[in-house]
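Hello,

Here is the structure I promised to pass on to you. Have a look at it first, and then read my notes below.

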Amino acid sequence: MQALNKPTLFVSLLACFCLAFSPIKVRAETPEEWVKLGQRVHGGFGTYIALGIRIGLDAKERLKAQPRDLDVTYQDGANSPCPCVVDGIMIATVATPGQNSLRVLPSKTNAGLFGVVVIKHKKTGESLRYTIPNSAKVLLDDWNNGKKGIERYDAVMKAPQASLFQIEE
């Protein structure tokens, strides 16, 4: 085997270093990719995950944020069966507990709400508050029972925003 000369070795090592330490972007481009990513992260794909993706994408757009720019706090409602919505928000915003940029509060919000999400842009300080009413749960559960994967995603993405959440700046 022939030895590499110093310039070739340097360029090869530099290329390996750049590939190894470049930021990896986690994103989905198509509905099918969102469903697949949601299944992998959460262990299944339901409408609560789709709602989280919709909220996360909406916040990224409104706050003009890049991955890792957002800080998320989620609080379940008293009648919410689980904080599954936050898994969808996590994959859409790339905020994670490991980065200390995503938290699920242990306390419950008031009984009239399914959940509350506060998403803040770390650099600008701008924030949005998403309030999910209990009435959204009825829609989400119905779609979970009658649909699968991509159909669940489409139902949530096509539903009127007001039927799923309200936004306050």
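**What I found**

Thr-131 lies in strand β4. Helices (H or I, at least four residues) and strands (E, at least two) are DSSP runs, numbered from the N terminus. Before going further, please keep in mind that this is a predicted model, in which local features need pLDDT of at least 70 and side-chain atom pairs count only at pLDDT 80 or more, while totals for chains, interfaces and linings use all residues. Residues are numbered from 1 along each chain as its sequence is written, and side-chain values use heavy atoms, leaving out hydrogens and water.

Is Thr-131 buried or exposed? Thr-131 counts as buried because its relative accessibility is 10%; buried means under 20% relative accessible area, exposed over 50% and partly exposed in between, with a 1.4 Å probe and protein chains only. Leaving aside neighbours within four places in sequence, Thr-131 is in contact (heavy atoms within 4.5 Å) with Leu-113, Gly-115, Leu-164, Phe-165, Gln-166 and Glu-168. Glu-168 is 37 residues from Thr-131 in sequence, yet their C-alpha atoms are 8.2 Å apart in space.

Gln-166, in β5, stands opposite Thr-131. Strand β4 (residues 127–133) and β5 run antiparallel and are joined by three bridges. Two strands pair if DSSP finds at least two bridges between them. As background, strands of a sheet pair through backbone hydrogen bonds, either parallel or antiparallel.

Now for the sheet as a whole. Its five strands form an open sheet in the order β2-β1-β3-β4-β5, and the pairing is mixed. At the edges are β2 (102–104) and β5 (166–168), each of which pairs on one side only. On average, neighbouring strands of this sheet are turned by 15° against each other, direction ignored. For such angles, axes are lines fitted to C-alpha atoms, for helices over the stretch in contact, and angles run from 0 to 180 degrees between N-to-C directions.

Which strands does α3 lie across? They are β1 (70–76), β3 (113–121), β4 and β5, and α3 runs at about 155° to β4. Helix α5 also packs on the sheet, where α5 touches β3 and β4, and its direction makes about 65° with that of β4.

Asn-144 is a residue of α5 (residues 134–146). Its side chain reaches the backbone nitrogen of Thr-47 at 2.8 Å. Not counting residues up to four places away in sequence, Asn-144 touches Gly-46, Thr-47, Tyr-48 and Arg-152.

The buried residues of α2 are Trp-34, Val-35, Leu-37 and Gly-38. They sit on the same side of α2 because they cover an arc of only 165° around the axis, the arc being that of the directions from the helix axis to the C-beta atoms. Among the elements covering these buried residues are α3 (47–62), α4 (85–93) and α6 (149–158). The face turned away from the buried side carries the exposed residues Glu-32, Lys-36 and Arg-40. After α2 comes Gly-43, with a positive phi near 95°.

Finally, the overall picture: the chain has seven helices and five strands. Of its 169 residues, 42% are buried. Among contacts in the chain with a separation of 6 or more, 72% are between residues 24 or more positions apart.

Enjoy exploring!

Technical notes. A polar contact is a pair of N or O atoms within 3.5 Å; within protein, one must be able to donate a hydrogen and the other to accept it, and residues adjacent in sequence count only if both atoms are side-chain atoms.
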